[in-house]
Amino acid sequence: MSHAIAPMRTFSSVLSRTPARQCQRFISTARTARPTVPRLQAQPQQPLAQRRTYKTVEEAKSKYRSGPFSWKAGLLFVLTGAGLLWYFEHEKQRMQRKRIADAAKGVGRPKVGGPFELIDHNGNPMTEKDLKGRYSLVYFGFSHCPDICPEELDKMAAMFEKVEAERPDALKPVFVTCDPARDTPPVLKEYLAEFHPKFIGLTGTYDQIKAMCKAYRVYFSTPSKVEPGQDYLVDHSIYFYLMDPEGDFVEALGRQHSPDQAAKVILDHMKDWQGKWRKD
């Protein structure tokens with residue numbers, strides 16, 4: 001029995017070894033028989049764009065450093081942006097001034113200003129028509145005022161000088177008394193000469209002054225019972241009323257405005273004015 005099994009083991013081992021050898025032989029044959037593919041020669045690439053030529057090395061470096069933008073283009077961009085910013089800010093301020101001026105002329109709003117008949121510090125009659133053709137700055141006070149009126153008239157003189165330096169004869173400074181009983185034309189002339197020679201003083205009867213104060217929405221109050229020669233104070237509003245060349249109210253300047261600020265407001269309104277000016 002053992003002799004019969006041995007030949008079978010030998011035969012099976014032969015069969016198991018034969019396919020492996022054949023496979024190895026086939027693989028080796030396939031490797032050696034692989035056809036070789038000839039290499040293609042690389043074609044020279046064509047330049048995408050014509051190269052720039054520079055005369056000097058410095059020129060090449062400067063061109064390389066500058067890139068697509070130059071300092072001139074940057075400066076132009078900055079100047080253009082600054083110009084646009086100034087323009088829009090200027091237009092914004094102009095439209096704001098226009099709204100302030102138009103607000104006093106709106107329908108349903110009380111009108112500030114109007115006709116009047118008074119006497120100036122030289123004794124000559126004067127009406128609202130004499131103020132037309134120029135801007136006018138109107139202040140209400142009285143000559144016996146101990147502190148507020150002198151301070152405000154000094155301020156009025158300062159702002160008038162600043163406006164006069166840039167726009168000669170374009171503004172009339174007017175002082176209207178709220179105390180006509182004591183502020184006669186000679187008193188006003190002497191009093192206003194201490195502040196500025198071009199100040200115009202206006203006075204009249206009590207009813208005339210009261211009517212003008214009412215037209216300008218100015219509050220004033222005098223004591224009801226005053227003995228002759230007795231000193232007294234007059235309570236009144238503290239504003240400068242800016243009127244345009246047509247006699248329309250533009251803006252009220254208060255104590256919060258410095259002379260420089262007030263002068264700038266007046267000059268800005270003058271620049272916006274598109275109407276006629278008086279030549280005389």
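In this predicted model, R182 is placed over the face of Y232, 3.6 Å from the ring centre; a charge is assigned to a ring if NZ of Lys or CZ of Arg is within 6 Å of the ring centre and within 35 degrees of the ring normal. R182 also forms a salt bridge with D231, with the closest N and O atoms 2.9 Å apart, a salt bridge being a side-chain nitrogen of Lys or Arg within 4 Å of a carboxyl oxygen of Asp or Glu. R182 lies in the loop between β4 and α5 (185–192) and D231 in the loop between β6 (220–221) and β7 (235–236), so the pair ties together parts 49 residues apart in sequence. At 18% relative accessibility R182 counts as buried, whereas D231, at 58%, is exposed (buried, under 20% relative accessible area; exposed, over 50%; partly exposed, in between; 1.4 Å probe, protein chains only). Helices (H or I, at least four residues) and strands (E, at least two) are DSSP runs numbered from the N terminus.

Residues are numbered from 1 along each chain as its sequence is written. Local features need pLDDT of at least 70 and side-chain atom pairs pLDDT 80 or more, while totals for chains, interfaces and linings use all residues; side-chain values use heavy atoms, without hydrogens and water.

The structure holds nine salt bridges. One of them joins D169 to R134, the closest N and O atoms being 3.2 Å apart. D169 is partly exposed, at 44% relative accessibility, and R134 is buried, at 5%. Within helix α7, K264 forms a salt bridge with D268 at 2.9 Å between the closest N and O atoms; the two residues are four apart, and therefore separated by about one helical turn.

Aromatic pairs number 12, where rings of Phe, Tyr and Trp (its six-membered ring) pair if their centres lie within 6.5 Å, with planes under 30 degrees apart counted as stacked, over 60 as edge-to-face and the rest as tilted. F140 and Y241 form an edge-to-face pair, 6.0 Å centre to centre with 90 degrees between the planes. Because F140 belongs to strand β3 (residues 135–141) and Y241 to strand β8 (residues 240–243), the pair ties together parts 101 residues apart in sequence. Both are buried, F140 with a relative accessible area of 0% and Y241 with 7%.

F140 and Y216 have the most contacts inside the largest nonpolar core, which has 55 residues; such a core is a set of buried Ala, Val, Leu, Ile, Met, Phe, Trp, Tyr and Cys residues joined through side-chain atoms within 4.5 Å.
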